[in-house]
Amino acid sequence: MSKSTLSRSLKLSSVYAMAVGSAVGWGAFVLPYQWLSSAGLLAVVAGFMLATVLIGVVAINYGYATCKLPVTGGGVVFALLALGHRHGFIAGWSLMLGYMGIVALNASAVALVLRLIMPDVMQQFALYQVADWVIYAPEVLASSLFLLIFAYLNVKNTAFSGRVQFLAVLLMLFAVGVIVLGTGTHFVQYGSVLPWQPPAGTAFWSAVAAIVAFAPWAYIGFDSIPQMAGEFNFSTKKIMKLLIASVVSATALYLAMVVASAFAFGTDLADFASQSWATGAAIGDVMGTAGLVILIVAVSMGVLTGLNGFYLASSRILLTMGRAKMLPATFARLHPKHGTPSVAIYAVMAVCLISPWFGRAALLWVVDMTSVGIAITFFYACFCAYRLGKTGKLSGKVFQSPNRTQAIIGALGCVVSLGFLALLVLPFSPAVLSLPAWCALAVWLVVGGGVYYYQRKSLHQKSQLQIYESMRDV
């Protein structure tokens, strides 16, 4: 096998695990208390069901586009062929923002999990504070170590990384199932009134809107599937079902943890307000130490699958941008022995190794803005599907026959994507970015503008179709 091309070594099960494991992370096991206390169980369930429909529309458009353009770094290619070089760069820069931010967040979550398991060890040797968050040397070391380990795994063998992901997702699914069974049994035996309604003064549909606004961040991960399309060893006909299955699975896991938490909290939410991990405290009260251990296993698998999945996805974006001359060609290099984008992987690692030194509080400012980047790339994928459905052509090349249904779903997806973006930027939205997040986004945009200006001549040397053809050979 030539090491000038990526190996088609990713099985259907591995790609499914990459998508689900990336979408379901730390938040599924930590945020149920926040959701239930601010929105109530009915609004949370309604919000996630509505979000599933909206994200499902976007996922269908990703399926349309990926089936016709099954290449590595699909998100960049969709924008490139549909709207040109500049938009291809914007899509790539937006995906880098989203994916690398989540890699960094999951690395910091590793330290938080270890803090829960052995707080006396992890909270020693305080270094300094950033945004009122104390930086401890053991936590910096732990986060950095996991970044190094997963970079090595992804460079060494993509197929092995996929197998590890699949086993970790299975373990997470099993652990969540046990938690739902345990808390549900307690609820049936002892009963309590569940926190059905939002708190006084909060309208039901406002609470639902706040949950829906979380959707772009909650479901980041299903869209990693198109970024790996050049490495699939299965038929592209399965991509649509794979995308929809990953979204539905992510919803099921989120709602399973919300319902299990509701069983554990009952109406006693206020009793857990002072807990650093309210969900863990409540489930520990109901299921004992064994339940807490199982929950820690679940959240650990969620964190590690997110770290692994986004390492793979973000490195493929860098590889694609390097091949398209949006970034220096160095990023397109493959390892001479393993055939993996080692330069891109180590670049992701190098950037993310900075994050543990800033602490989780400051990192959340960066992560808040990642939803902006993801919403933008949602739009590009939907517009590409719309253009394919309406004309059957991209950049003058015929890819399919016009499809009216696809064009309608594509247009609907564009509206949904813009709606997600509006929820993040409109000042009256419940999910509007904080001022620090706006500042971080401004810095990212300035840096992106500088990179584009530096690469603009190289980028425009090849036509859109020439770049697409080169990506088919990656």
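Reply: One definition first: Ala, Val, Leu, Ile, Met, Phe, Trp, Tyr, Cys and Pro count as nonpolar, Asp, Glu, Lys and Arg as charged, and the others, Gly among them, as polar. Note too that this is a predicted model.

Me: How do the residues lining the second largest cavity divide by class?
Reply: This cavity has a volume of about 120 Å³. It is lined by 14 residues, and the closest to its centre include Trp-133 and Glu-139. Glu counts as charged and Trp as nonpolar. The whole lining divides into eight nonpolar, four polar and two charged residues.

Me: Which element gives the largest share of the lining of the second largest cavity?
Reply: Helix 6, strand 2 (133-136), helix 8 (137-156) and helix 15 (359-391) each supply at least two residues. The largest share is four residues, and it comes from strand 2.

Me: How many cavities of 30 Å³ or more does a search of the whole structure find, and how much space lies in the largest cavity?
Reply: The search of the whole structure finds two cavities of 30 Å³ or more. The space in the largest cavity is about 140 Å³.

Me: Which residues are the closest to the centre of the largest cavity?
Reply: Helix 1 (12-23), helix 2 (26-30), helix 6 (85-117), helix 11 (215-218) and helix 13 (278-323) each give two or more residues to the lining of the largest cavity. By class that lining has 10 nonpolar, six polar and no charged residues. Of its 16 residues, the closest to the centre are Ser-22, Gly-25, Ile-102, Asn-106 and Trp-217.

Me: Now the open spaces. Which element gives the largest share of the lining of the largest pocket?
Reply: The largest pocket has a volume of about 1,100 Å³. Among the 41 residues that line it, Leu-31, Gln-34, Phe-214, Leu-364 and Asp-368 are the closest to its centre. Helix 2, helix 3 (32-39), helix 6, helix 10 (204-213), helix 13 and helix 15 each supply at least two lining residues. The largest share, six residues, comes from helix 15.

Me: How many charged residues are in the lining of the largest pocket?
Reply: Asp counts as charged. Asp-368 is one of the residues closest to the centre of this pocket. The lining has 28 nonpolar and 10 polar residues, and its charged residues number three.

Me: Which element gives the most to the lining of the second largest pocket?
Reply: This pocket has a volume of about 810 Å³. Its 29 lining residues include Val-351, Ile-354, Val-366, Met-369 and Trp-444, the closest to its centre. Helix 6, helix 14 (342-352), helix 15 and helix 17 (435-459) give two or more residues each. With seven residues, the one that gives the most is helix 17.

Me: How far is Cys-67 from the nearest cysteine sulfur?
Reply: The disulfide count comes to zero. Cys-67 is in no disulfide, and the nearest cysteine sulfur, that of Cys-384, is 12 Å away.

Me: How far apart in sequence are the parts that the pair of Phe-222 and Phe-378 ties together?
Reply: The structure holds 21 aromatic pairs. In this one the centres are 5.7 Å apart and the planes 45 degrees, so the pair counts as tilted. Both residues are buried. Phe-222 lies in the loop between helix 11 and helix 12 (239-265) and Phe-378 in helix 15, so the parts tied together are 156 residues apart in sequence.

How values were computed
Residues are numbered from 1 along each chain as its sequence is written. This is a predicted model: local features need pLDDT of at least 70, side-chain atom pairs count only at pLDDT 80 or more; totals for chains, interfaces and linings use all residues. Side-chain values use heavy atoms; hydrogens and water are left out. On a 1 Å grid over the protein atoms alone, a cavity is a set of points where a 1.4 Å probe fits but cannot get out, and a pocket is an open set with protein on both sides within 12 Å along at least five of seven lines; lining residues have an atom within 4 Å of a point. Grid points are joined across faces, edges and corners, and a volume is the space filled by probe spheres set on the points. A disulfide is a pair of cysteine sulfur atoms within 2.5 Å. Rings of Phe, Tyr and Trp (its six-membered ring) pair if their centres lie within 6.5 Å; planes under 30 degrees apart count as stacked, over 60 as edge-to-face and the rest as tilted. Buried means under 20% relative accessible area, exposed over 50%, partly exposed in between (1.4 Å probe, protein chains only).
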